[in-house]
Amino acid sequence: MMRRRPADQRGHFDHGWLDTHHSFSFGHYHDPEHMGFRDLRVINDDIIQPSRGFGTHGHRDMEIITYVLDGALEHKDSTGGGSVLRPGDVQRMTAGHGVTHSEFNHSPEEALRLLQIWILPRENGLEPGYEEKHFPADERQGRFRLIAAPEGSPDALTIHQDVQVFAALLKAGDTVGHELAPGRHAWLQVAKGRVQVAGQGGQATLDEGDGLAISDETTIELEGLEDSEVLLFDLK
């Protein structure tokens, strides 16, 4: 079974300095039909204007993944983590029992685009932590590259939940597949481009910003219809 979440039905706010789309309920956007999917709670698609951003603020009990699409993100947090991240860089912040952080567009000239992703942790009250990794384009080109996973995956960010996150870059005509174990579910997010998805339950064409909830499928096949960038979440 596959259920499309159209990009133009997401929550949308344009604050001038921030143009943001919410796949799931977040902040002032509330949609009881879209409160998250399994342990995936938030996917915000943010465009931040030059030299603007989010001042210091707090979070608790959430695994926060930031995936940079365009531009440069300047991050600082109370764990001591902080750097400038660019496309290919991904960060994980465990909010745990409490953390504060700030995020700004590092560039005075170019817009920043990123996906902010929240995943519910396996338990509350964890020790806050920060981690970042670079995933070169050639490791994501034409294949699903594991970028975040539970403990024990040294080549990926560590998240404290039974979730695997994959990223792929596709050219027109590229195909990739992913197998789901029995009882597993998936969410596919098209960050850029356009793809076609096929499974036992049918097929769907997804445009930039679209999401797809996938359940009761064993194999997912994707084809790039143009240059595309996608994230896949394998969830219990």
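User: What makes the link between the side chains of arginine 92 and threonine 94 a polar contact?

Analyst: The two side chains come to 2.9 Å. A polar contact is a pair of N or O atoms within 3.5 Å; within protein, one must be able to donate a hydrogen and the other to accept it, and residues adjacent in sequence count only if both atoms are side-chain atoms. So the 2.9 Å pair qualifies. The model is predicted: local features need pLDDT of at least 70, side-chain atom pairs count only at pLDDT 80 or more, and totals for chains, interfaces and linings use all residues. Residues are numbered from 1 along each chain as its sequence is written, and side-chain values use heavy atoms, with hydrogens and water left out.

User: Why is arginine 92 called buried?

Analyst: Its relative accessible area is 7%. Buried means under 20%, exposed over 50%, partly exposed in between (1.4 Å probe, protein chains only). Therefore arginine 92 is buried.

User: Why does arginine 10 count as buried?

Analyst: Its relative accessibility is 11%. That value falls under the 20% limit, so arginine 10 is buried. Arginine 10 is found in the loop between β1 (2-5) and β2 (11-14). Strands are DSSP runs (E, at least two residues), numbered from the N terminus.

User: How do you know that β17 and strand β22 pair?

Analyst: DSSP must find at least two bridges between two strands. β17 (residues 185-192) and β22 (residues 228-235) have 7, in the antiparallel sense. So they pair. Valine 190 has valine 230 in β22 as its bridge partner.

Conventions:
Helix = DSSP H or I, 4+ residues; strand = E, 2+ residues; numbered from the N terminus.
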